Amino acid sequence: MQIKYPVDKYSDHSGAIHRLQELNRQFAIEHGHPRKAYVQTFGCQMSEEEGEKILGVLLDSSMVEVNTQDEADVIIYNTCCVRENAEQKVYGHVGVLKGLKKRKPHLIIGIMGCMTQQPTVVEELKRSYRHVDIIAGTGNINNLPDMVCQVIEKGRRVADLSGTERIAEGTPKESHGNIKAWVTIMYGCNNFCSYCIVPYVRGRERSRSVEDIMAEVTSLAKAGVQEITLLGQNVNSYGSERGLPGGQAFAELLHTVCQVEGIKRVRFMTSHPKDLSDEIIEAVATEPKMCKQIHLPLQSGCTETLRQMNRKYTADQYRALLAKIRDRIPGVTVSTDLITGFPGETDEQHKESMAFIEECAFDMAYIFIYSRRTGTPAAKREDQIPEDVVHARFEEMQKIITDSSYKSSKAQEGTVLTVMHEGPSQSNPSMMTGRTEGNKIVLYSHQDCKPGDILKVRIDTAKTWYLEGTVITED
Ligand code: SF4
């Protein structure tokens with residue numbers, strides 16, 4: 001599904017877009033088929049959303065999408081550098097492309113995204129991966145037509161990392177979802193958690209204007225999208241760099257997005273506990289379209305570890321915030337992110353953290369093994385935790401989360417939940433699937449509905465990560 005926005009900012013690049021369209025027309029005549037594009041994204045939802053824009057730009061320049069890199073004439077890897085193994089995976093994939101380029105010399109290969117915001121990575125790609133034609137950062141998607149033209153017309157390798165602090169507006173987007181879409185509302189982060197590389201590679205916080213966000217949401221709604229997830233590294237501080245009180249500006253944005261006709265559900269991620277204001281909680285509690293779900297990364301349940309992580313809240317403050325959320329939004333689903341193996345974490349601190357995580361009774365959690373990222377304060381520490389200890393702690397944490405997630409699912413048995421229908425289940429195509437407001441997957445046999453329908457489903461059986469139920473009514 002191609003989404004174009006009624007904002008004129010992408011047309012600043014119209015010269016390059018027209019040049020590339022013309023080059024692609026010539027290519028189609030010479031090769032008997034249009035130039036084929038393949039985009040692969042490694043990383044979080046924000047990276048996925050940027051991947052949709054990269055593909056949107058290429059298709060807008062008269063290319064067609066293909067599903068495998070072997071068929072492609074242009075391959076772009078949209079990368080992530082938050083964890084070391086994601087980076088290693090990309091290097092492995094890029095290495096494999098060398099053979100493909102030998103067999104198909106006209107193949108254009110680009111590496112974009114967070115990873116290429118690191119000078120050491122750029123040097124490595126330039127030096128050791130000479131088959132890569134384009135190296136560009138996260139702010140350069142709108143420049144992609146120009147970079148592809150330079151490679152085709154001049155046969156030159158292009159590296160453009162100039163746009164880190166830029167907000168590219170109006171970029172066309174090719175979305176593979178039919179009823180759900182992500183909308184990035186801000187870029188960058190000011191928080192400098194001691195383990196995290198994001199502020200170094202994505203720069204300081206920059207918020208999009210309400211007008212640009214609304215233009216995008218309205219276009220998505222017109223294209224049939226019914227559920228929007230607003231994205232940012234810390235959406236709670238939306239607008240704060242412009243002097244707007246962060247929590248208030250974001251709460252107002254939530255109310256505004258909820259007014260868009262055709263949009264049935266609104267979610268957001270990620271929140272920083274220190275910035276989740278009463279206004280935001282109130283917006284989630286009172287707006288009927290707001291899903292009663294909050295993702296609230298805890299990272300550690302030990303106050304001393306939180307201090308060393310530079311998270312700027314204590315376990316007690318998190319506990320109080322959680323109680324406030326659960327009190328004001330009955331039935332709310334709370335999920336979290338957790339890190340295991342942070343440098344210097346003692347056995348006692350780990351135990352303290354486990355006890356707190358258990359007490360929080362999260363509905364869902366993503367557990368990450370600490371990844372040492374060069375350039376961050378935590379990476380310089382000498383008291384890194386041995387791998388076997390990290391893995392043992394990971395298992396313990398996983399058990400707590402599996403138990404609490406199952407308890408949360410079990411509590412739904414016999415209740416009737418509102419579910420947005422998505423379509424046949426990928427793992428069991430004889431069943432249909434949809435999601436609750438809390439983002440839990442529900443399976444049911446009811447066939448007679450279309451994506452986006454809101455169903456009332458009685459929950460019959462709880463599994464740890466999904467629910468099974470019976471459709472009792474349609475809205
Ligand atoms: S809030 Fe912390 S963990 Fe999240 S992106 Fe910013 S620095 Fe990284």
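Visitor: What makes the sulfur of Cys80 too far from the closest cysteine sulfur for a bond?
Guide: A disulfide is a pair of cysteine sulfur atoms within 2.5 Å, and the sulfur of Cys80 is 5.4 Å from that of Cys114, the closest one, so the two are too far apart for a bond. This is a predicted model, in which local features need pLDDT of at least 70 and side-chain atom pairs count only at pLDDT 80 or more, while totals for chains, interfaces and linings use all residues. Residues are numbered from 1 along each chain as its sequence is written, and side-chain values use heavy atoms, with hydrogens and water left out.

Visitor: How do you know whether Cys80 is buried or exposed?
Guide: Buried means under 20% relative accessible area, exposed over 50% and partly exposed in between, with a 1.4 Å probe and protein chains only; Cys80 has 7%, so Cys80 is buried.

Visitor: Why is Cys449 called buried?
Guide: The relative accessible area of Cys449 is 15%, which puts Cys449 in the buried class.

Visitor: How many disulfides does the structure hold?
Guide: The structure holds 0 disulfides; for Cys449, the nearest cysteine sulfur belongs to Cys291 and is 18 Å away.

Visitor: Why is the largest cavity said to lie between domain 1 and domain 2?
Guide: Domain bounds come from an automatic or database domain assignment, and because domain 1 (2–160) and domain 2 (177–291) both give residues to the lining, the largest cavity lies between them.
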